[in-house]
Structure formats: structure tokens, C-alpha cells
Amino acid sequence: MPNPSEHKRTVRRAFTKQAAAYAENASVTDPEWIARLVEATGVDSSDRVLEVATGPGHVAFSFGDHCAEVVGLDLTKAPLEIAQEKKRDSETENVAFIRGDAEAIPCPANSFDVVVCRLALHHVEHPDYVVQEMARVCRPNGTLAVGDLVVSEHSDRAEYHNTFERLRDPSHVRALSISELIHVFTEQRIEIDHLRTDSVVQNVESWLSNAQTPEPRATEAREMIRKDAEEDLSGTQPFWHDDELYFRQLNGIVAGHLLE
Ligand SMILES: C[S@@+](CC[C@H](N)C(=O)[O-])C[C@H]1O[C@@H](n2cnc3c(N)ncnc32)[C@H](O)[C@@H]1O
């Protein structure tokens, strides 16, 4: 891929390192989470679907059960290899995987009925470019949906949350608030038809070990979350249970149709 930015190298390093753990991570494989995204799109059996930043393809395979064809696109080879292996093992025929950049999707305009992206906008430097590209490759009146971590509407609290997410995983750039996500959609003339949030409880130690966060970054992230538990600094409501520290991540789903 020509001229990858330094950040894209960081993404590839991070998702090469975490590929196997990510593919098995119970909070991302959760079928209910994926079903909510599938349902939000109202996907049809004749639809052609693109999943942007598919990783190991959990979302792509689920869409494959409901539509004619799915293409999963990702920047990083290691998770795509896991997706390809799963495709071979399950003998799935209507899901294909390609390598490419979400900020410059290697597909023609108007080529998909549904374009989705889950848990990836916070890993890119220009989420607006990604949604612009998603809108370009979607047909008029087609459906676009994003599912992602969302942060507080208050910028100081949002920054506190994004800082401990970045300490855990340097490929995290910035999760948006719900209002920012809505703004990115409406800028592309997408009519919002569906909006919901759900919270996921994260055990801090599992969350750190899934990303294989090295010291001293892990200690710094833990310290920030401990302080947050005492001082309410991010909106993630950290709490202790049986001597273990937890916090709540809010996941948002925004879906809509592209105005003609
Ligand atoms: C947290 S994983 C999400 C995978 C999948 N969407 C899911 O929900 O399980 C983020 C993925 O985004 C990919 N990614 C990040 N930046 C990208 C970009 N600019 N273009 C394509 N993929 C990208 C990473 O390689 C990684 O596989």
C-alpha cells in the first residue's frame, strides 16, 4: 500500500500483535452486539454489503447470513488471515475479504446497498473521510451504519476517557461523542433512522491484557481509572467488585439512509 501514514503503521502493528486475542475476545464476538448492528441496517436478502475495517470478520460473517454478498475490507493482514481461515473452515461462499484503507476505499462509487463499520472509527485519524468514503461507495438511498465506542459529550471528560484508551492501545486515536457521530453522518447527507447506545462492562485487567499493553502504560491507565472511580472524571463510572476494577464503555450505533 503506498505511503502509509505513521498512524497506519501503528494500527497495523497493534492489530497484528492483538489479532489472535481480538478474534476470541468475548465482548467483540458477542452475537447480540452484532445482531443489533445487523438489525439497525434492515439488511435484505438481495443486498450487497461492505464492512469497512472488518478485522477477523465477525460482523461480515453475520451479515453474510442475511444478504446476497459481503465484502470485508481491512488495512491489516493478520486479522484478514484469520477471517480467510474461518471462511475456508465454514465453507462460506458469499463473504470475501480484501486489503485496503477505509480512508480511500478501493471500490467504485454506488457499488453497495449497505455499508457498515464497527469498532474502527476511533482508530482512524480522519473519521469524516471514512464516512465520506462509505457514502461514496453506497448507492443512493442505501444504508450506512456505524457502531463504535462513544465518549462523553463534555470535552474534558471525553479527553480523559480517550487518554486512558490510548494508553492501553496506541492505535486508538479518539472515540467521538454521539453528537459528533451524528454530525459526521449528517455532513454526508445521511438521514439518521436509528440511534442507540448500550454499555459494556470492562474488567480493567482483561481489557489491558487483551491489548497486551506493556508497562508503564498499563500502570498509567490503571491509575487514571482508579482516580476516575473516586472523582467521576470521564463518565465511564469505574467501580470495584471483589477487589477488581471495572468501568463502563458506551457503544453507540448510528444508522441511516443516503439521501438522493
Ligand atoms: C477493533 S478492530 C474492529 C474489527 C471489526 N470491525 C469488529 O467489529 O470486530 C479495528 C480494525 O480496524 C482496522 N483499521 C484501522 N484503521 C483502518 C483503516 N484506515 N483502513 C482499514 N482498516 C483499518 C484495523 O486493522 C482493525 O482490524
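In which hand, left or right, does helix 8 pass helix 11 in their crossing? I opened the notebook with this point, working throughout on a predicted model.

**Entry 1: the helix pair**

I looked up helix 8, residues 155-168, and helix 11, residues 217-231, and found their axes 8 Å apart at an angle of about 155°. Helix 8 is therefore roughly antiparallel to helix 11, since an angle over 145 degrees counts as such. The crossing of helix 8 with helix 11 is left-handed, which settles the opening question.

I then listed the residues that make the contact. Helix 8 contributes Y160, T163, F164, L167 and R168. From helix 11 come R217, E220, A221, M224, I225 and D228. By class, I recorded 6 nonpolar, 1 polar and 4 charged residues in this contact.

I next examined the loop between helix 10 (204-210) and helix 11, where P216 is placed. The peptide bond from E215 to P216 is cis, and I noted omega near 5°. Q212 also has its place in the loop between helix 10 and helix 11. Its phi is positive, about 50°, although Q212 is not a glycine. I counted 13 other C-beta atoms within 10 Å of Q212, so this residue is partly exposed.

**Entry 2: L119**

I turned to the loop between strand 4 (112-118) and helix 7 (127-137), in which L119 is found. L119 is a residue other than glycine, yet its phi is positive, near 55°. Is L119 buried or exposed? It has 21 C-beta neighbours inside 10 Å and therefore counts as buried, the cut-off being 20 or more.

**Entry 3: the ligand shell**

I asked which residues are closest to the ligand. They are A53, G55, T76, A102 and R118, within a set of 21 residues that surround the ligand. Helix 1 (6-17) and helix 5 (58-64) each supply at least two residues of the shell. Helix 1 gives the most, with 3 residues.

**Entry 4: T92**

I located T92 in the loop between helix 6 (77-90) and strand 3 (95-99). Leaving aside residues up to four places away in sequence, T92 touches F61, G64 and K87. I also checked T92 against V70: the two are 22 residues apart in sequence and 11 Å apart in space, C-alpha to C-alpha. T92 has 17 C-beta neighbours inside 10 Å and so counts as partly exposed.

Technical notes
Residues are numbered from 1 along each chain as its sequence is written. This is a predicted model: local features need pLDDT of at least 70, side-chain atom pairs count only at pLDDT 80 or more; totals for chains, interfaces and linings use all residues. A residue is near a molecule or strand if its C-beta atom, placed from the backbone, lies within 6 Å of it. Helices (H or I, at least four residues) and strands (E, at least two) are DSSP runs, numbered from the N terminus. Axes are lines fitted to C-alpha atoms, for helices over the stretch in contact, and angles run from 0 to 180 degrees between N-to-C directions. Angles under 35 degrees count as roughly parallel, over 145 as roughly antiparallel, 65 to 115 as roughly perpendicular and the rest as oblique. A crossing is left-handed if the near helix is turned anticlockwise from the far one by less than a right angle, and right-handed if clockwise. Two residues are in contact if their C-beta atoms, placed from the backbone, lie within 7 Å. Ala, Val, Leu, Ile, Met, Phe, Trp, Tyr, Cys and Pro count as nonpolar, Asp, Glu, Lys and Arg as charged, and the others, Gly among them, as polar. A residue is buried if 20 or more other C-beta atoms lie within 10 Å of its own, exposed if 12 or fewer, and partly exposed in between; C-beta atoms are placed from the backbone.
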